[in-house]
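Let's take a friendly walk through this protein chain. Keep the sequence and the 3D view at hand as you read.

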Amino acid sequence: MSPKHQPSKRQRGVILSVQGWQRLKAAQRKLAFQDNRGKPYTLEQLSERTHLSPNTLIKVRRRTIPVDRKTLMSYFSAFDLTLNLNDYTKADTNSSHYDQVPLKSPVPLDSPFYIERLPLESLCHETLIKPGSSIQIVAPKQMGKTSLMTRILQQAREEGFHTIPLNLQLAEFAIVRDLQRFLQWFCAVVTRGLGLPHQVPTYWDDIYGGNANTTYYFETYLLPQLDNPLVLALDDADILFNYPEIARDFFSLLQTWGEKASYGDRCSQLWQKLRLVIVNSTDVYAMSGGKSMEFTAELSLQLPEFTREHVQELVIRHGFSWQPQQVTQLYQLIGGHPYLLQLTLNAIKTEKIPIDQFLATVTAEADIYREHLHQCLEHLHQDSALMNALIQLANSSTPVEFEPILTRRLQNLGLVQVAQGKVKLRCQLYHHYFRDRLKPLGLKFPPETRQASMVVIEGVNLTANLLAHPEPTFNQLYKDLQLFVQLAQEFDGKIIKSIDQGMLIVFPSCLQAINFAQEIQLTLQSAVQRDLTPGLCYRIGIHWEDVIFCYTGVSGPGVNIAHHLTAEAPPGGICISHSVYEAIANHLPQPPQPMGQWQFEDSEQPIALYQLK
């Protein structure tokens, strides 16, 4: 006797399609911007507006659990939308696409786990529809920059624009080290992205230089063939910061293109077709000195971390029904860092760990966090000023106040929060990890005395300039300090401290310190002559003596003497002590100018000072 036939279980209901989800999100974003002061609607607000229960809303937004069609109609009508056939699909019990948590960037366009940070998406869209516009997106790594970029490009495609996403990491070492080759590669990649024949050699003449050739190629060949605007998105632009001269010329070129769009001449309409999106990491500035880019975008975005409301929404989309207190505890543990949140929610979901058990047992050494935290610590070892600041924060139960420049560099790391000028570590995870890892450094590295060349750089009339023109002065100061960090690394210098008006840096030899100081003054003078605009002016003092090194910095009479020398240097000049003079006199093309004998309270005998020419 054959077994009784068991009818297949009928799959009831529908789920939102990608198109329906995009329409609904856009409508919610628009009304939130108008009626909710730009803040995303909470689950409670959505329930009140749609007359649907929070559990039903969770099902709709997850797009994995089927709901009836009337539910979607109610949701759509609450935001003045009509439900169309393309807005939903029949539920597929075999599909687990939306149960997969993305742990790599970018978050796919059709993923329900992407969290919008209003009103940034709207601002980007409004900017890109303007002729010749540009956007710059900056944030530490793994904060969602590329995910935002892909959505900007998707919106542009919906407008009928051409789009080319170009990750500059695709450029090999041999390419990015040579400006001519890099620009030819850049032109060729854009040409291929537009599906046009490769014509770079035809339009390239070495006599004109790379920037002029690239401009001519775009202006004569590429842009005239486009009926619609082109959005060119440069991801990982900070890869060029390792090659300062190429970065300066390339980003100056992009800046010039934006200006050409507003010249009003016969070529302006061509350049108005080009829209730029540049994406780079801020932790590059903080960790490796941050080579400044000569580019100012029409819209510059510092991508923030998720708010507590964003975390609540992400928890819901992962299918968890947690109490508000549990969400708050998770937020206190790891903050609003998108990548750490994805790691955490994926681990909880995969391992089926109750949230209370996870919160009670997780440590800073948990496998899911170890790689991220180790990378942060590895970068900190490259800069003693940042390391010292993190040591203070890790061992303090209250926020700490640092110099403004150091505060900004700490912010760029993505490890801290700043409120009313005071700094604290961003979350409990960072506090526990760095407290345990950095506190023993004082025991592992006892004070050590050795000779070193101390360089002190201080700005001239900075206080007056900051009072008269605070924003441009602060921006220029930050840009100059990035230059100091970059050059210090090139000459084997170690940054000890960032101060309000400059830096204290030590070098293993006097010659390295002299070369560093002269390069700074020459670079700053050249920038003023090139840009025809006044820049900031600095004094530099250099002294060679025994220095006491410990994990928190350097100390000793020689440090104070170096500060005194700086005060005696003329604006834009370099003052050195006799100990430095004796070490480098035979290596200078012109002898230093004697400044006489000076008695400082930190020295037993008068010290002969010299001014470098």
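Predicted model: local features only at pLDDT ≥ 70, side-chain atom pairs only at ≥ 80, totals over all residues.

## An enclosed strand

Is strand β13 buried or exposed? Of the 6 residues in β13 (residues 502-507), 6 are buried, so the strand is largely enclosed by the rest of the structure.

Strand β11 (residues 448-459) runs antiparallel to β13, and 6 bridges join the two. To find this pairing in the 3D view, look for Ser453, which stands opposite Phe507 in β13.

## Helix α3 and its surroundings

Helix α3 (residues 54-62) packs against helix α14 (residues 308-317) at an angle of about 80°, and their axes are 9 Å apart. That angle makes α3 roughly perpendicular to α14. Which residues meet here? From α3 come Ile58, Arg61 and Arg62, while α14 brings Glu313, Ile316 and Arg317. Sorted by class, this contact has 2 nonpolar residues, no polar ones and 4 charged ones.

The buried residues of α3 are Leu57, Ile58, Val60, Arg61 and Arg62. What covers them? The cover includes β1 (14-16), α1 (18-35), α2 (43-50), α4, α14 and α16 (338-351). Just after α3, Arg63 has a positive phi of about 60°.

## Thr71, a buried residue

Thr71 belongs to helix α4 (residues 69-77). Why does Thr71 count as buried? Its relative accessible area is 9%, and the cut-off for buried is under 20%. Leaving aside residues up to four places away in sequence, Thr71 touches Leu52, Thr56 and Val60.

## Two aspartates with positive phi

Most residues other than glycine have a negative phi. Asp80 has a positive phi, near 60°, and is not a glycine. Asp80 sits in the loop between α4 and β2 (88-90). With a relative accessible area of 68%, Asp80 is exposed.

Asp492 has a positive phi too, of about 65°, although it is not a glycine. Where does Asp492 lie? You will find Asp492 in the loop between α24 (470-490) and β12 (494-499). Its relative accessibility of 52% means that Asp492 counts as exposed, since the cut-off for exposed is over 50%.

## The whole chain

Stepping back, you can count 27 helices and 18 strands in the chain. The chain has 613 residues, and buried residues make up 51% of them.

How do contacts span the sequence? Of the contacts between residues at least 6 apart in sequence, 72% join residues at least 24 apart.

Methods:
Residues numbered from 1 in each chain as written. Heavy atoms only, no water. Helix = DSSP H or I, 4+ residues; strand = E, 2+ residues; numbered from the N terminus. Buried < 20%, exposed > 50% of the residue type's maximum accessible area, 1.4 Å probe, protein only. Contact = heavy atoms within 4.5 Å. Axes fitted to C-alpha atoms, helices over the stretch in contact; angles between N-to-C directions. Parallel < 35°, antiparallel > 145°, perpendicular 65-115°, else oblique. Nonpolar A, V, L, I, M, F, W, Y, C, P; charged D, E, K, R; others polar. Pairing = 2+ DSSP bridges.
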